[in-house]
Amino acid sequence: MKTLADLRKGFAQTGQVTWIGLRPERKADLMSVDRAMVAETGLVGDHGRSGKRAVTLIQAEHLPVIAALSGAEVTADLLRRNIVVAGINLTALREYQLQIGSVLLQITVPCAPCSRMETLLGKGGYNAMRGHGGWCASVISGGEIAIRDAVTPIFGSA
């Protein structure tokens with residue numbers, strides 16, 4: 001019989017990067033890119049900072065949920081996260097490190113929506129994002145990430 005610890009390490013598949021975005025400065029629009037270098041402070045060219053919020057990730061599967069809850073058309077760039085991941089539950093990965101391309105990340109804290117969601121998504125946009133805003137991560141080791149890179153949990157880091 002599998003233990004709870006075994007079950008928590010059981011994923012049907014690896015995830016995949018479907019979108020990458022950079023903000024050259026605070027409040028700037030996100031620029032979609034096919035690949036990015038990642039340093040301790042986050043994605044190079046992004047205004048991010050080092051520490052537990054260096055990189056932000058959101059699940060692709062949450063975009064239609066946010067759209068349904070807000071009544072707005074939702075695109076990755078509107079949500080102001082750096083990386084969109086499909087095919088793997090980011091919430092279930094919060095205790096593990098993630099390998100994306102040559103980059104190793106540690107999921108740290110939920111990425112709460114900001115008040116700008118009310119402007120970008122319309123009335124109720126902030127609440128539509130609550131619980132669906134994605135995750136922040138720190139950079140364990142930098143490198144390069146690209147669209148279609150696998151998102152693989154690294155076990156034993158919790």
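## A strand, a helix, a strand

Which unit do β5, helix α2 and β6 make, and what is its handedness? Together, β5, helix α2 (residues 62-70) and β6 form a β-α-β unit that is right-handed: with the strands pointing away from you, the path from the first strand over the helix to the second runs clockwise. Helices (H or I, at least four residues) and strands (E, at least two) are DSSP runs, numbered from the N terminus.

This is a predicted model, where local features need pLDDT of at least 70 and side-chain atom pairs count only at pLDDT 80 or more, while totals for chains, interfaces and linings use all residues. Residues are numbered from 1 along each chain as its sequence is written, and side-chain values use heavy atoms, with hydrogens and water left out.

## Strand β6 and its partners

Strands pair if DSSP finds at least two bridges between them. β6 (residues 83-86) runs antiparallel to β1 (residues 15-22), with 4 bridges, and valine 17 has valine 85 as its bridge partner. With β5 (residues 55-59), β6 runs parallel, joined by 3 bridges; here isoleucine 58 stands opposite valine 84.

Both faces of β6 are covered: Ile83 and Val85 on one side, Val84 and Ala86 on the other, are all buried (under 20% relative accessible area; exposed is over 50%, partly exposed in between; 1.4 Å probe, protein chains only).

## Two salt bridges

The model has 2 salt bridges (a side-chain nitrogen of Lys or Arg within 4 Å of a carboxyl oxygen of Asp or Glu). One links arginine 23 and aspartate 46, with the closest N and O atoms 3.6 Å apart; both residues are buried.

In the other, arginine 35 meets glutamate 144 at 3.3 Å, N to O. Because arginine 35 lies in strand β3 and glutamate 144 in strand β10, this pair ties together parts 109 residues apart in sequence.
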